[in-house]
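Please have a look at it before reading on.

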Amino acid sequence: MLDPSFFSYVTVMSITPGPNNLLLATSGVNFGLRRTLPMAFGIMLGCGIQTVITGLALEGLLHWMGAIRLPLTLAGCAYLLWLSWKIFRSSAPALRESPRPMSVLNGALFQAVNPKAWLMASNVALLYAADSPVMVIMLSFMMMNLPCILVWAALGDRLGQHLQVNWKRQLFNSVMALSLVVTTLWMLIDVLR
């Protein structure tokens, strides 16, 4: 069965900054925790599905991922840069026409182009798939992942209460967009080495 290192790894990887958590914090600021919950559940679901995929097809997937690492990273980075631009250009939700955060489906699908999520799923499959059933790994992963990512959405929600002035909200969104750009450039530099 799963050992403490599994829980430690999933917790650390789930709670540290990355594309998911930056988007969750931004959504929490702009839409509040309740409206961000579908996105968080989608992220958890997407990560769980990735864990199953990598656990069931470990050998073939690792070979395949080596071949598509660059295109997948480039697609993911292009999407992250587009999201950065959208975050940078966003204003307070009340000032826009029918704003809404990511849905469950969008949150889950985002994992397909999220390099950090693929890294987590691959490492979990590599380290723990041989010793535990893949469904136990997936459910354990999702149970550990959800509270960690909800921390970011809740922090965003609380921070949003202090960012009711439009210039403060725009400054926050600009900092989050820049953080996402820096994360994206870091991933690009790493994959192009």
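What follows is a short tour of the fold, the core, the cysteines and a surface patch.

This is a predicted model, in which local features need pLDDT of at least 70 and side-chain atom pairs count only at pLDDT 80 or more, while totals for chains, interfaces and linings use all residues. Residues are numbered from 1 along each chain as its sequence is written, and side-chain values use heavy atoms, with hydrogens and water left out.

Start with the fold. The chain has eight helices and zero strands; helices (H or I, at least four residues) and strands (E, at least two) are DSSP runs, numbered from the N terminus. Of the contacts (heavy atoms within 4.5 Å) with a separation of 6 or more, 88% are between residues 24 or more positions apart.

Now step inside. Of the 193 residues in the chain, 48% are buried; buried means under 20% relative accessible area, exposed over 50%, and partly exposed in between, with a 1.4 Å probe and protein chains only. The largest nonpolar core holds 37 residues, and Leu23, Leu24 and Val124 touch the most other members. Such a core is a set of buried Ala, Val, Leu, Ile, Met, Phe, Trp, Tyr and Cys residues joined through side-chain atoms within 4.5 Å. Helices that each supply at least two residues of this core include H2 (19-31), H6 (115-128) and H7 (134-160), and H7 gives the most, with eight residues.

What about the cysteines? Cysteine 47 counts as buried because its relative accessibility is 1%, and cysteine 148 counts as buried because its value is 7%. A search of the whole structure finds zero disulfides, a disulfide being a pair of cysteine sulfur atoms within 2.5 Å.

The accessible surface of the chain is about 9,900 Å², with 71% of it belonging to carbon and sulfur atoms; accessible areas come from the Shrake-Rupley method with a 1.4 Å probe, and for residues only the protein chains shown count as cover. Phe41, Leu45, Ile49, Ile53 and Val104 make a nonpolar patch of about 380 Å². Patches are made of residues with over 30% relative accessible area and no salt bridge, with like charges joined within 9 Å and nonpolar side chains (Val, Leu, Ile, Met, Phe, Trp, Tyr) within 5 Å. A salt bridge is a side-chain nitrogen of Lys or Arg within 4 Å of a carboxyl oxygen of Asp or Glu. Helix H3 (residues 33-56) contributes the largest share of the patch, four residues. Leucine 45 lies in H3 and counts as partly exposed because its relative accessibility is 35%.
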